[in-house]
Amino acid sequence: MSEILSLDIETENYSWDIGGWGNKNLFKTSVIATWDGTNGTIFSNKNIHLDNVNILPLNASNVGNHISEHVEKGGRILGHNIIGFDLPVIRDSLDCWAASDVMAKSGDTIIDTKNLVSKASKGISHKIVTSLGVLSKCTLKEGKSMQSVDAPEQWALGNYNEVADYCLKDAQLTYELYKYGTEYGVIKSLSLDTGKEIEIEVNWR
């Protein structure tokens, strides 16, 4: 079993559709994807076809069991802004007990790369971009396959496979970003002050 399970979600609607980020229970989750370095799992209630990916119905039981089984075996849940968005939306919109349980555990159970990068950047003089797209493009030389803002629109157009694939790839990018930072002790982003690429020392071991 991989120690790390990277998780990402997409929603059918936007924050401005539901009166702001505080109403996370009103988000409609379209896709949840996880990646452990070898195996990908997609949770959705649409007819998704992706090669070599486990496809399961999207409901609180399936998602909850998937998360809790990993944590009970000593694993950790990884995500980019997972504390601020992914887990709260899963908890509130799906009424998923496992997300609530994981969030109540010690900080070692959840790894949030956005929070880690923000914390590490406090030691440098530049303000930096903390989005997954910029971090992965600068660090891994690999960009996102879609912009987050486009996913609900593409979902509404019926492009379910494309959104599911995008969600899984974001989980994979987060996984690779975390592994890179752990191995090399640095990640790269862009300075908001100069627009130039900047290296940030991280201690993720």
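I started just past helix 5, where Lys-141 has a positive phi of about 60°. A reminder to myself: this is a predicted model.

**Helix 5.** Next I went back into the helix and asked which residues of helix 5 are buried. Over residues 132–140, I noted Leu-132, Gly-133, Leu-135, Ser-136, Cys-138 and Thr-139. I then looked up what these buried residues pack against, and found helix 4 (113–121) and helix 7 (160–184). Strand 7 (186–190) and strand 8 (197–201) are on that list too.

Cys-138 made me curious about sulfur. Its relative accessibility is 6%, so Cys-138 counts as buried. How many disulfides does a search of the whole structure find? It finds 0. I checked Cys-167 as an example. The closest cysteine sulfur to that of Cys-167 belongs to Cys-96 and is 15 Å away, so the two are too far apart for a bond; a disulfide would need the sulfur atoms within 2.5 Å. Cys-167 is buried as well, because its relative accessibility is 0%.

I traced an open sheet of 6 strands, in the order 4-3-2-1-5-6, with mixed pairing. Its edges are strand 4 (53–56) and strand 6 (110–112), each of which pairs on one side only. From one strand to the next, the twist averages 25°.

I looked more closely at one pair. Strand 1 (residues 4–11) runs antiparallel to strand 2 (residues 29–35), and 6 bridges join them. I also wanted to know what lies across strand 1, and came to helix 2 (residues 82–93). Helix 2 runs at about 70° to strand 1, and it also lies across strand 2, strand 5 (76–79) and strand 6.

**Thr-11.** Is Thr-11 buried or exposed? With a relative accessible area of 7%, Thr-11 is buried, because the cut-off for buried is under 20%.

Where does the side chain of Thr-11 reach? I followed it to the backbone oxygen of Asn-13, at 2.8 Å. Last, I listed the contacts of Thr-11, leaving aside neighbours within four places in sequence. Phe-27, Lys-28, Thr-29 and Ser-30 are among them, and so are Phe-85, Val-89 and Pro-152.

Definitions and conventions: Residues numbered from 1 in each chain as written. Predicted model: local features only at pLDDT ≥ 70, side-chain atom pairs only at ≥ 80, totals over all residues. Heavy atoms only, no water. Pairing = 2+ DSSP bridges. Helix = DSSP H or I, 4+ residues; strand = E, 2+ residues; numbered from the N terminus. Axes fitted to C-alpha atoms, helices over the stretch in contact; angles between N-to-C directions. Contact = heavy atoms within 4.5 Å. Buried < 20%, exposed > 50% of the residue type's maximum accessible area, 1.4 Å probe, protein only. Polar contact = N/O pair within 3.5 Å; in protein donor to acceptor, adjacent residues only side chain to side chain.
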